[in-house]
Amino acid sequence: MEKAIDKARVGFSQGKSAKIWISSPHMGGSEEFYVKRAFESNWVAPHGPNVDAFEEQIVKFTGCGHAVVLSSGTAALHLAMILLGVEKDDYVICQSLTFAASANPIRYQEALPVFVDSEPDTWNLCPQALEDAIKHCLSGKIGARAQLPKAIVAVDLYGMPAKWHEIREVADRYGIPIIEDAAEALGSTYQEKFCGTFGDIGVFSFNGNKIITSSGGGALVSKTKAFVDRALFLSTQAREDYAHYEHTELGYNYRMSNISAGIGLGQMEVLSIRIDQRRRNFARYKAELQEFEGLVFKDEPAGSHSNRWLSTLLVSPDLTAGITREDIRIGLMKSNIEARPIWKPMHLQPLYKEMPFVGGSVASSLFDKGLCLPSGSNLTEDDLARVIACVQETL
Ligand SMILES: *Cc1c(COP(=O)(O)O)cnc(C)c1O
C-alpha cells in the first residue's frame, strides 16, 4: 500500500507542469501513529480513544465548550436543525452565498429556507438584510404562514468571520437561535474568540479540502452541553439505555469512526502551522498581484483574523481591459492549475430558485467577480510562483 501512496505523491508534487490543486490534504506526520494505534488496540469502530481525544483537542483549541465528532459537516448541520426543533414548513434563514451543504439540511427537515444577501466587507450574512428577512417572515410576506424563523444559518465563508456582533444583536432581539456554519473557518478568530463559538450551535468540517481533514468528517460544538449530548444520542441511532435495542426517537448513523478521528487528531497538532501557511499564500498573492488595476484582495476587517482557508480575489473587467475572472481561471486551467469561481449563491441555484430571497445584488455580484486561487498549505514557493506568473500572463 505504501508503494501506491508514494506513486500518488509523485503525481502530486513533481515536475514543472504537475497539477496544482486548489486545496489538497496535508498530513502533519502523526496521523498514521494514531490510526496504527487504533488497529493495534482493535478500536476499528465508530467509537474509541481517538474519537474522545479528537473531541478534547477541538474543545481545547477553540474554547467551544463541548464537541461531538460526526461523519460530516453536513451531518452536523442536519443534527443542528433537529436540535433546534426545525420541522416541516418552518422558516429557516440562510446566508445565500455559501456551499449547498449549509442549506440542504433545511430541506432534509422539509422546512423552508429564506435566503439572505451578504454584505461586502466579509461576504457573509448582511445584518440589515437579516432583519428585513425576519420582518418579512413575521408579516407573512414570505410564504403562507406569518411566523418567526426557527433558526438562522450564518457562515464564516472562506474562513472570514461574519459580523458576529451585529448578527447576534438582531438574532437576540427576536429570540432566534443561530447555527454558525464554521466549516471553512476552523482556527479563525473575531475579537479574539474562535469561529464556531458565536452561534448557539457551531459546525466544523474535516472534509479532504478543508484546512485540516479526517479524510471526511465534521463536528457539532456548543457551550450548551445538552445540545452536544443530544447530538451524540441522535448520531448513534437514538438508542435508549436498555440491554435490548429500545427506540423512542428517530435516530441517525452519523458518528465519526475511530480511524477517521485518528487522522483528525494528528491534524490538530499542526492546525496552527496550517493557518500560518494558508495566510502566507494569501499575503504572497496579494503582494505580487495587487498592482494590477481591477484585482481586489480583501483585507480583514479590524478585529478579524481569518484562517484564509481559500485565497480569493475579485476581478472587475471594466478595470482589467475586459479580462474576467473566467479568463484568469481558464488560463490557470490550461497550465494544469486548479482555480474555481467562488460559491454560486443558493438563490441563483436551479435547486432553490423557487425559494424566497431577501436583499440586493451583493452576493450575485461577488459571484460574478470572485475567484479562488490554489490555497493548500502544502503549496511550495515554486507552485505559488507558477500561479502568479500565469495570472500575470493572462492580464
Ligand atoms: C464543506 C462545507 C460544509 C459541509 O461539510 P462536509 O464535511 O463536506 O459535509 C458545509 N458548509 C460549508 C460552508 C462548507 O464549506
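The residues that line the second largest pocket divide into 13 nonpolar, 12 polar and 5 charged. The model examined here is a predicted one, and within it this pocket has a volume of about 530 Å³. Of the 30 residues in its lining, those closest to the centre of the pocket are Phe-99, Asn-209, Lys-210, Trp-309 and Trp-343. Helix H4, which spans residues 73-83, and strand S13, which spans residues 340-341, each supply at least two residues of the lining of this pocket. The largest share of the lining, 3 residues, comes from helix H4.

In the predicted model, Lys-210 lies in the loop between strand S8 (201-205) and strand S9 (218-222). Although placed in a loop, Lys-210 counts as buried because its relative accessibility is 10%, where the cut-off for a buried residue is under 20%. When residues up to four places away in sequence are not counted, Lys-210 touches Ala-183, Glu-184, Ser-205, Arg-278 and Trp-309. With one of these residues, Ser-205, the contact is also polar, as the side chain of Lys-210 makes a polar contact with the side chain of Ser-205 at 3.5 Å.

The structure holds 2 cavities of 30 Å³ or more, and the largest cavity has a volume of about 120 Å³. Its lining is formed by Asp-121, Thr-122, Trp-123, Leu-157, Tyr-158, Met-160, Phe-282, Lys-298, Ser-306, Arg-308, Leu-310 and Thr-312. By residue class, the lining of the largest cavity divides into 6 nonpolar, 3 polar and 3 charged residues.

Leaving out residues up to four places away in sequence, Asn-258 touches Ala-38, Trp-43, Ala-45, Pro-46, His-47, Gly-48, Pro-49, Asn-50 and Val-51. For Trp-43, the backbone oxygen lies 2.9 Å from a polar atom of the side chain of Asn-258.

Ala-151 is found in strand S4, made up of residues 151-155, and Ala-151 counts as buried because its relative accessibility is 0%. The residues that Ala-151 touches, not counting those up to four places away in sequence, are Leu-84, Val-86, Tyr-91, Val-92, Ile-93, Ile-176, Pro-177 and Ile-179. Ala-151 and Cys-94 are 57 residues apart in sequence, whereas the distance between them in space is 8.5 Å from C-alpha to C-alpha.

Thr-189 belongs to strand S6, which consists of residues 189-190. With a relative accessible area of 14%, Thr-189 is buried. Apart from its neighbours within four places in sequence, Thr-189 is in contact with Pro-161, Phe-194, Cys-195, Gly-303, Ser-304 and His-305.

Glu-192 is placed in the loop between strand S6 and strand S7 (193-194), and its phi is near 70°, a positive value in a residue other than glycine. Glu-192 counts as exposed because its relative accessibility is 76%, the cut-off for this class being over 50%. Asp-89, found in the loop between helix H4 and strand S2 (91-95), also has a positive phi, of about 70°, although Asp-89 is not a glycine. At 38% relative accessibility, Asp-89 counts as partly exposed, a class that lies between the cut-offs for buried and exposed residues.

How values were computed: Residues numbered from 1 in each chain as written. Predicted model: local features only at pLDDT ≥ 70, side-chain atom pairs only at ≥ 80, totals over all residues. Heavy atoms only, no water. Polar contact = N/O pair within 3.5 Å; in protein donor to acceptor, adjacent residues only side chain to side chain. Contact = heavy atoms within 4.5 Å. Helix = DSSP H or I, 4+ residues; strand = E, 2+ residues; numbered from the N terminus. Buried < 20%, exposed > 50% of the residue type's maximum accessible area, 1.4 Å probe, protein only. 1 Å grid on protein atoms, 1.4 Å probe; cavity = no way out; pocket = protein on both sides within 12 Å on 5 of 7 lines; lining within 4 Å. Points joined across faces, edges and corners; volume = space filled by probe spheres on them. Nonpolar A, V, L, I, M, F, W, Y, C, P; charged D, E, K, R; others polar.
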